[in-house]
Amino acid sequence: MQENIIIAGHPAPAQVSTSWQQQLSQAIRDPDTLCQRLGLGAQWLPGAQAGHRLFDICVPDAYLTRIKPNDPNDPLLRQVLPIGDETLASPGYVTDPLEEADHRPIKGLIHKYANRVLLIASPACAINCRYCFRRHFPYSEHSPSRAQWQEALAYIRQDTSIHEAILSGGDPLAASDRQLAWLTEQLASIPHLKRLRIHTRLPVVIPDRVDDALLAWLSATRLQTVMVLHINHANEIDQTVVDACTRLKQKGVTLLNQSVLLKGVNDSVPTLAALSERLFEAGILPYYLHVFDPVQGAAHFDIPDAEAKALVTQLLEHLPGFLMPRLVREIPGKASKTPL
Ligand code: SF4
């Protein structure tokens, strides 16, 4: 058996994994290993440990290999490395910035906007993003069993104004294909549903998630399928991600991307322009650029609105219109996202 040798400052050679589930189970889940694998000095460890106590680290190898070792400013690293600032209390930053607790009529279902509902299809993610607006979400209370899904399905069935079901999470693709195939089949049996939308970061984090089993249920449904990926920086899109996107497109899945504008990750015009260009090369259309939702523990990622607007105004000079994401904010209680 080959040993997994760790050389400080370089990722250990990836173990040969045969499935996305194995890759997920082998993800890095502790600060010491993360710092060691990326050659980060001892000064990063206390902050990483403090942040990890509030929101667990989770970084799979497939994502880690895209992070530059020995560089604490790497834009991918900043998305996954906890720092001491996460422990600071910042006025105005809260645990439920979108007030989703007010829009959960049924366990596992969020109904905020007309014509569409969101289903929490899995409480797990393949990566824990430090800026996540659901980092405090009570997932344990919203992981419905199959019997409880029947209640959510009945809710959709009785409201003929609902045309779209959005699978979200956590990351919905962290659920098993058996479960997702069943849920999709149930949704497709509701005549007034037209579209299935899947909000996921898994094809980016572990591209092997786009395997034959996933493609089988995706291509079998009568529902039009849209996958909204979550990519914040061009360096996240390597050839494995491009290949995964190609497999999805070959099955007729429409690919869009939403990003979050994050200080120290993508808050410059060249970085945002490179992201849009790279997305298009991978067959993905830029959709939304979200301003940061004020979640407790992640205030250090926030950018003032004036700066965000100035960035986007300058970005217009560098991109054709179809590669411009819409700068939006989600305001609790509003009937849609609010363009800035
Ligand atoms: S993958 Fe999405 S839901 Fe999961 S931690 Fe990252 S931002 Fe949050």
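Student: How many salt bridges does the count come to?
Tutor: The count comes to 14 salt bridges. Keep in mind that this is a predicted model.

Student: What does Asp61 pair with?
Tutor: Asp61 forms a salt bridge with Arg37, and their closest N and O atoms are 3.0 Å apart. Asp61 belongs to helix H4 and Arg37 to helix H2, so the pair ties together parts that are 24 residues apart in sequence.

Student: Is Arg37 buried or exposed?
Tutor: Buried, because its relative accessibility is 5% and the cut-off for buried is under 20%.

Student: And Arg195, which residue does its side chain meet in a salt bridge?
Tutor: Glu164, at 2.6 Å from N to O. Arg195 is in strand S4 and Glu164 in strand S3, so this pair ties together parts 31 residues apart in sequence. Arg195 is partly exposed at 30% relative accessibility, whereas Glu164 is buried at 7%.

Student: Switching to the ligand. Where does it sit?
Tutor: The ligand sits in the largest pocket.

Student: Which residues are around the ligand?
Tutor: Cys125, Ile127, Cys129, Cys132, Gly170, Arg201 and His230. That shell divides into 4 nonpolar, 2 polar and 1 charged.

Student: What does the side chain of Arg201 meet in a salt bridge?
Tutor: Glu236, at 2.8 Å from N to O. Glu236 is in the loop between strand S5 and helix H10, and Arg201 is in the loop between S4 and helix H8, 35 residues apart. Both Glu236 and Arg201 are buried.

Conventions:
Residues are numbered from 1 along each chain as its sequence is written. This is a predicted model: local features need pLDDT of at least 70, side-chain atom pairs count only at pLDDT 80 or more; totals for chains, interfaces and linings use all residues. Side-chain values use heavy atoms; hydrogens and water are left out. A residue is near a molecule or strand if one of its heavy atoms lies within 4 Å of it. On a 1 Å grid over the protein atoms alone, a cavity is a set of points where a 1.4 Å probe fits but cannot get out, and a pocket is an open set with protein on both sides within 12 Å along at least five of seven lines; lining residues have an atom within 4 Å of a point. A molecule sits in a cavity or pocket if more than half of its atoms lie within 2 Å of its grid points. Ala, Val, Leu, Ile, Met, Phe, Trp, Tyr, Cys and Pro count as nonpolar, Asp, Glu, Lys and Arg as charged, and the others, Gly among them, as polar. A salt bridge is a side-chain nitrogen of Lys or Arg within 4 Å of a carboxyl oxygen of Asp or Glu. Helices (H or I, at least four residues) and strands (E, at least two) are DSSP runs, numbered from the N terminus. Buried means under 20% relative accessible area, exposed over 50%, partly exposed in between (1.4 Å probe, protein chains only).
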